[in-house]
Amino acid sequence: MDKIRISAVSYTNTKPFIYGLQHSGMPAKIELSLDNPTDCAQKLIEDVVDIGLIPVAAILSLPVWEIVSAYCIGSVGAVNSVFIFSNCDIREAKVLQLDPQSRSSNNLAKVLVKNFWKSHHLTIIEQAPDYSQSTDPHTAFVQIGDRTFGKKEKYPFVYDLGAEWKNFTGLPFVFAAWVANKPIPHEFMAEFNAALKYGLEHRPELLKELPVLPNFDLEDYLMHKLDFELTEDKKKALYLFLDYIKAL
């Protein structure tokens with residue numbers, strides 16, 4: 001094959017993987033683009049790339065797919081970058097605006113609203129207007145990624161969706177997985193996974209390259225909140241989540 005085309009999420013949560021890919025022999029073998037999660041998924045759906053670190057909800061839009069890595073973007077409980085921010089208890093909210101950059105987190109919010117919080121009166125808005133600045137007492141919004149850093153103290157009600165999923169199911173959660181839309185040579189995948197592993201093992205070196213944020217603990221986030229191994233429990237959670245999405 002020619003160079004393998006890869007799309008990865010551009011958020012901080014992916015930086016260990018990018019570090020590994022850049023500090024290995026992979027750059028000569030791949031074409032790498034960094035995208036927001038929605039665009040990453042769309043590139044894989046449209047066959048613009050061969051492998052994507054895609055929101056797992058997007059798997060349902062692929063006619064052919066295979067998880068090709070032992071690593072993922074996941075958490076066992078709170079993840080600290082996928083939230084519902086609200087001006088009231090979520091069970092009292094009247095409007096929930098979804099995040100245009102996300103598929104999995106939006107669907108996770110809808111699954112929790114329906115099955116865990118049972119807020120059947122809540123109006124869910126897919127597109128603008130932007131409620132993130134709203135002071136209306138009955139509005140809430142989903143937000144993910146680096147845009148959430150340091151925001152927990154700004155809202156009276158904050159729901160970490162990784163923690164809420166664990167409260168609901170007792171399971172960890174997979175936000176994004178490395179998925180291919182066609183067969184990929186085994187030799188390449190072995191080297192690819194080795195590069196990802198290298199990046200995870202060198203997170204302390206990566207952290208030295210990242211800026212210190214005054215309102216967010218990057219070390220805690222990359223070393224403890226995120227959980228990158230695609231364990232059997234995470235696979236179980238992934239397929240359970242897809243079943244819940246189908247039933248929405």
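The protein chain comprises 8 helices and 11 strands, where helices (H or I, at least four residues) and strands (E, at least two) are DSSP runs numbered from the N terminus. Its radius of gyration is 18 Å, close to the 18 Å that the globule rule gives for 248 residues, so the chain is as compact as a globular protein of that length; the radius is taken over C-alpha atoms, and the rule is 2.2 Å times the number of residues to the power 0.38. The model is predicted, so that local features need pLDDT of at least 70 and side-chain atom pairs count only at pLDDT 80 or more, whereas totals for chains, interfaces and linings use all residues. Residues are numbered from 1 along each chain as its sequence is written, and side-chain values use heavy atoms, with hydrogens and water left out.

Among contacts (heavy atoms within 4.5 Å) between residues at least 6 apart in sequence, 86% join residues at least 24 apart.

Strand E5 (residues 82-86) is mostly covered, with 5 of its 5 residues buried: Val82, Ile84 and Ser86 point one way from the strand, and Phe83 and Phe85 the other way. Strand E5 pairs in the antiparallel sense with strand E8 (residues 139-144) over 5 bridges, pairing requiring that DSSP find at least two bridges between two strands, and serine 86 stands opposite alanine 140 in E8. Strand E9 (residues 157-160) also pairs with E5 in the antiparallel sense, over 4 bridges, and there valine 158 is the bridge partner of phenylalanine 85.

Definitions and conventions: Buried means under 20% relative accessible area, exposed over 50%, partly exposed in between (1.4 Å probe, protein chains only).
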